[in-house]
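Reader: I am new to this structure and would like to go through its helices one at a time. Please show it to me before we start.

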Amino acid sequence: MSVRSAGPPRTELIADTALALLAERGMRGLTHRAVDEAAGLPQGSTSNHARTRLALLEAAVRRQAEREAEVLNPAEMPHPSAGREQLVAGLATALHRYLTGDHRQLLVSRYELAMEATRRPELRAYYDATGAQFREPLEVLLRAAGSTAPERHTLSLVAWCDGLMFSCVAGSYHATAPTQEELRSSVGELLQGMLDE
């Protein structure tokens with residue numbers, strides 16, 4: 001497991017280490033002691049920053065959202081007035097970036113956190129609130145692209161993207177990531193079906 005060893009603030013290091021542990025060992029491998037050891041911190045450091053398991057999970061969800069924003073970067077999405085082709089290109093670029101390089105492990109940690117949120121209502125509310133920062137701009141873009149049902153179309157598009165990413169990271173297509181051109185074609189077909197209905 002690779003965790004940044006120099007530079008980040010301790011809270012960021014702890015949260016990044018928690019995400020790395022989730023991706024490597026699963027939920028059962030995430031403990032305060034394991035974070036201390038993997039991050040090279042003195043014993044008790046993680047407990048000082050996140051006293052309970054819920055606090056540690058919330059820190060992980062918060063950091064997950066920050067890191068996903070760096071990958072998906074809503075600011076890089078086209079302006080709502082840019083048109084459908086720019087929306088297709090932006091989504092294909094974001095998906096391709098996620099499915100290549102070291103971002104795949106970030107998806108695995110997201111899946112671990114999502115499953116844990118189904119068992120912890122207090123984490124579910126926190127998890128859902130962080131996810132809204134990605135859904136809301138997408139709904140604005142779909143509305144501007146001519147969607148007659150932007151909420152429903154946003155759900156369909158997010159579900160399609162999530163399913164694609166899961167299949168390519170943890171599912172039966174894990175060995176092969178689609179090219180950016182393939183993603184552009186798929187996103188274009190999806191949006192055509194939604195917006196030209």
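Author: An axis here is a line fitted to C-alpha atoms, for helices over the stretch in contact, and an angle runs from 0 to 180 degrees between N-to-C directions. The model is a predicted one.

Reader: At what angle do α1 and α2 pack?
Author: The axes of α1 and α2 are 9 Å apart. Angles of 65 to 115 degrees count as roughly perpendicular, and α1 and α2 are therefore roughly perpendicular to each other. The angle at which they pack is about 105°.

Reader: Which residues of α2 make the contact with α1?
Author: From α1, the contact uses L13, I14, T17, A18, L21 and R25. By class, the contact of α1 with α2 has eight nonpolar, one polar and one charged residues. On the α2 side the residues are A34, V35, A38 and A39.

Reader: How far does α1 reach from its first C-alpha to its last?
Author: Helix α1 covers residues 10–25, which is 16 residues. At 1.5 Å a residue, 22 Å is expected. The reach of α1 is close to that, at 22 Å.

Reader: Against which helices do the buried residues of α1 pack?
Author: Buried means under 20% relative accessible area. In α1, the residues L13, I14, A15, D16, T17, A18, L19, A20, L21, L22 and A23 are buried. The buried residues of α1 pack against α2 (32–39), α3 (45–49), α4 (53–72) and α6 (104–117).

Reader: Which residue with a positive phi follows α1?
Author: The phi in question is near 85°. The residue that follows α1 with this phi is G26.

Reader: How many of the 14 residues of α6 are buried?
Author: The end C-alpha atoms of α6 are 20 Å apart, which agrees with the 20 Å that its 14 residues should span at 1.5 Å a residue. The buried residues of α6 are R104, L106, L107, V108, S109, R110, Y111, L113, A114, E116 and A117. They pack against α1, α4, α5, α7 (121–144) and α8 (150–169). Helix α6 is largely enclosed by the rest of the structure, because the number of its 14 residues that are buried is 11.

Reader: Is R110 buried or exposed?
Author: R110 is placed in helix α6. Not counting residues up to four places away in sequence, R110 touches Q64, E68, Y98, Y127, D162 and M165. The relative accessible area of R110 is 10%, and the cut-off for buried is under 20%. R110 is therefore buried.

Reader: What is the handedness of the crossing of α6 and α8?
Author: The axes of α6 and α8 are 10 Å apart and the packing angle is about 110°, so the two helices are roughly perpendicular to each other. The contact is made by R104, L107, V108, R110 and Y111 of α6 and D162, M165, F166, C168 and V169 of α8. These residues divide into seven nonpolar, no polar and three charged. The crossing of α6 and α8 is left-handed.

Reader: What separates the C-alpha atoms of Q105 and E24?
Author: Q105 lies in helix α6. Q105 counts as partly exposed, because its relative accessibility is 44%. Q105 and E24 are 81 residues apart along the chain, and their C-alpha atoms are separated by 8.2 Å.

Reader: At what angle do the axes of α5 and α9 cross?
Author: Helix α5 holds residues 84–99 and helix α9 residues 180–195, and their axes come within 8 Å. The axes of α5 and α9 cross at roughly 135°. That makes α5 oblique to α9, and the crossing is right-handed. The angle asked for is roughly 135°.

Reader: Which residues of α9 does α5 meet?
Author: The residues of α5 involved are R84, L87, V88, A89, L91, A92, T93, L95 and H96. By class, the contact of α5 with α9 has 10 nonpolar, five polar and two charged residues.

Reader: Which residues is L54 in contact with, leaving aside its neighbours within four places in sequence?
Author: L54 has its place in helix α4. At 21% relative accessibility, L54 counts as partly exposed. The residues in contact with L54, with those neighbours left aside, are R120, E122 and L123.

Methods
Residues numbered from 1 in each chain as written. Predicted model: local features only at pLDDT ≥ 70, side-chain atom pairs only at ≥ 80, totals over all residues. Heavy atoms only, no water. Helix = DSSP H or I, 4+ residues; strand = E, 2+ residues; numbered from the N terminus. Parallel < 35°, antiparallel > 145°, perpendicular 65-115°, else oblique. Left-handed = near helix turned anticlockwise from the far one by under 90°. Contact = heavy atoms within 4.5 Å. Nonpolar A, V, L, I, M, F, W, Y, C, P; charged D, E, K, R; others polar. Expected span 1.5 Å × (residues − 1). Buried < 20%, exposed > 50% of the residue type's maximum accessible area, 1.4 Å probe, protein only.
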